Amino acid sequence: MTWDAQSLYGMGSAHPVVNPVNAAPTQHMAPDDDREWGVGMRALVNPRNPLFWVGALMAVTVGAAGLAGSVRLGPAKLSGSVGKS
Amino acid sequence: MAPTGLTPGQIQGISAPGVTINPPLFYAATRRMRFNQVTTQAFAGLGSTDPVTLRQTGIVSSLEVRVSGTLTTTVADVTAMSARWPYGLAKRFKLSANGQSNLIDARGLTVKCHELATNPECSDRGITKFAGAVAQTQGTLAMASENWGTSPGGNQLGPRHTPGAVGVFTFDLTYVIPVAADPVSLVGAVFAQTTGTNLTLEIEWETEVNLLTIGGATTAWAVNYEVSSIAYSIPQVNGQFVVPDVTTFHQLSEFRRAGLTAGDNEILLPGVGVGRKLLRIYGQVTDTIGGVLSVPIPLTAATYGGFAWRYGGNDTPEQWANGQTMRYTQERLTGSDIGSPVWAMWLYDFASENALRDVVDEGQTSDLRLVVNLVAAPAAGAVQVAQETLFLAPAGA
């Protein structure tokens with residue numbers, strides 16, 4: 001049996017209720033796109049993530065090098081394969 | 001969620017660092033205290049007010065007021081007591097605490113009715129008092145140890161009761177001022193331990209002309225009063241001061257409305273707001289009959305055509321068919337026939353059976369109002385309505 005105004009009379013709390021053991025946010029925050037998109041696998045394909053663009057630049061560069069590696073140079077064939085060939 | 005374990009830093013608008021709300025710990029460690037706030041003292045006079053500044057100690061649960069003295073009539077002539085005697089001698093009790101004015105603002109009669117309605121140990125069964133020239137044994141709201149006025153010759157005073165002869169009438173009355181809504185859990189009690197606390201009780205005394213009709217006689221009044229306080233010490237446990245749930249205030253506030261008509265009278269309750277719970281409503285319709293003030297209208301099927309309470313457009317959760325059914329209901333709930341012809345009080349009780357289930361949340365009941373149906377319009381009548389509420393301390397009175 002608890003002996004407070006809420007248990008006995010259904011009163012709301014006069015103060016923001018804080019659980020001293022397991023503190024939790026006292027209010028719901030508005031949805032944050034950055035937070036939501038900033039976690040998990042989705043972060044890897046998020047255009048707002050600088051790493052995405054670094055990855056894209058690397059892919060283009062390495063991909064081009066891979067194509068360039070397949071070009072013949074005179075009678076000799078220089079075979080340097082990086083990436084797909 | 002219960003506020004147990006909460007250290008709010010501020011309680012009832014008063015700075016209280018290091019004070020933790022923890023009812024179970026408080027009950028285990030506190031000490032009940034009873035002390036005189038005012039020892040026997042002569043009153044200021046009929047029609048005057050006695051202010052009492054209370055000591056700043058502990059958690060104040062209730063105040064007990066004793067009013068005693070003599071009324072002496074010295075000429076052999078009839079002195080008729082009005083319908084306000086004896087509890088109306090204390091015309092008004094007003095209690096202010098921690099910046100909240102008029103937590104209690106009610107007639108002495110209403111305060112007595114509150115005690116009968118809330119204290120299951122308090123009973124007026126079989127206690128004989130004279131009212132309206134008849135010995136009444138039910139519904140007097142009196143304790144056996146109270147005295148409404150007795151002369152050495154055995155003549156007695158009472159509401160609308162004319163004593164058989166002049167004499168020195170000794171009387172002794174007691175009132176309990178309900179600071180807390182519940183004296184067991186102490187919900188609604190006042191946190192009075194700091195120097196920032198202000199706790200003031202005013203006792204407003206009725207005028208003589210409203211208490212009796214002097215039939216050519218002369219009267220002499222000698223009235224004393226004393227105030228005792230029931231409070232609880234604030235224990236210190238593990239370096240923290242521990243208190244019960246004192247996040248709320250308890251209020252008993254009364255108003256009067258005249259202009260009653262036959263049929264439905266919708267009485268709008270003032271001060272309804274979010275964060276307030278309605279515990280009980282006390283009421284009484286009185287009229288001036290035969291020159292006697294404040295004669296209560298008997299609570300019968302012939303006088304009251306029904307009771308109800310209503311909110312919003314026309315939501316009517318409860319209704320009673322007539323005065324007699326209301327009288328039955330409240331006698332079941334209180335164990336006292338408070339609707340008897342002596343005082344003819346009526347009561348809407350939302351808190352006695354199961355408060356959590358029944359109390360009215362004023363935040364969800366806009367335009368909350370009473371419906372009192374009168375069979376006949378009282379000529380000079382008025383209704384007295386007292387609201388008993390519980391509200392969050394910072395919400396304002």
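**Entry 1: chain B as a whole**

I began with the secondary structure of chain B, which has five helices and 29 strands, where helices (H or I, at least four residues) and strands (E, at least two) are DSSP runs numbered from the N terminus. I then looked up the radius of gyration of chain B, taken over C-alpha atoms: it is 22 Å, close to the 21 Å that the globule rule gives for 397 residues, so chain B is as compact as a globular protein of that length. The globule rule is 2.2 Å times the number of residues to the power 0.38.

I noted that this is a predicted model, in which local features need pLDDT of at least 70 and side-chain atom pairs count only at pLDDT 80 or more, while totals for chains, interfaces and linings use all residues. Residues are numbered from 1 along each chain as its sequence is written, and chains are lettered from A and ligands numbered from 1 in the order in which they are written.

Along its principal axes the C-alpha trace of chain B spans about 70 × 50 × 35 Å. Buried residues make up 48% of the 397 residues; a residue is buried if 20 or more other C-beta atoms, placed from the backbone, lie within 10 Å of its own, exposed if 12 or fewer, and partly exposed in between.

**Entry 2: the core and a helix**

Of its 109 residues, I59(B), F93(B), I177(B), F191(B) and V243(B) touch the most other members. Not counting residues up to four places away in sequence, the contacts of F93(B) (C-beta atoms, placed from the backbone, within 7 Å) include I104(B), V111(B), I177(B) and L201(B).

**Entry 3: strand β15(B)**

I turned to strand β15(B), residues 199-205, where L199(B), L201(B), I203(B) and W205(B) form a covered face, whereas T200(B), E202(B) and E204(B) form an uncovered one.

**Entry 4**

I traced an open sheet of four strands in chain B, in the order β21-β28-β24-β25, with antiparallel pairing. Its edge strands are β21(B) (263-268) and β25(B) (315-320), each of which pairs on one side only. Four bridges join β24(B), residues 304-311, to β25(B), and Y311(B) stands opposite D315(B).

Another open sheet has three strands in the order β3-β19-β18 of chain B, and its pairing is mixed. Here β3(B) and β19(B) run parallel and are joined by three bridges, with T20(B) opposite V242(B).

**Entry 5: V292(B)**

With 18 C-beta neighbours inside 10 Å, V292(B) counts as partly exposed, and it touches S82(B), A83(B) and R160(B), not counting residues up to four places away in sequence.

Key
Pairing = 2+ DSSP bridges. Core = buried A, V, L, I, M, F, W, Y, C linked by C-beta atoms within 7 Å. Contact = placed C-beta atoms within 7 Å.
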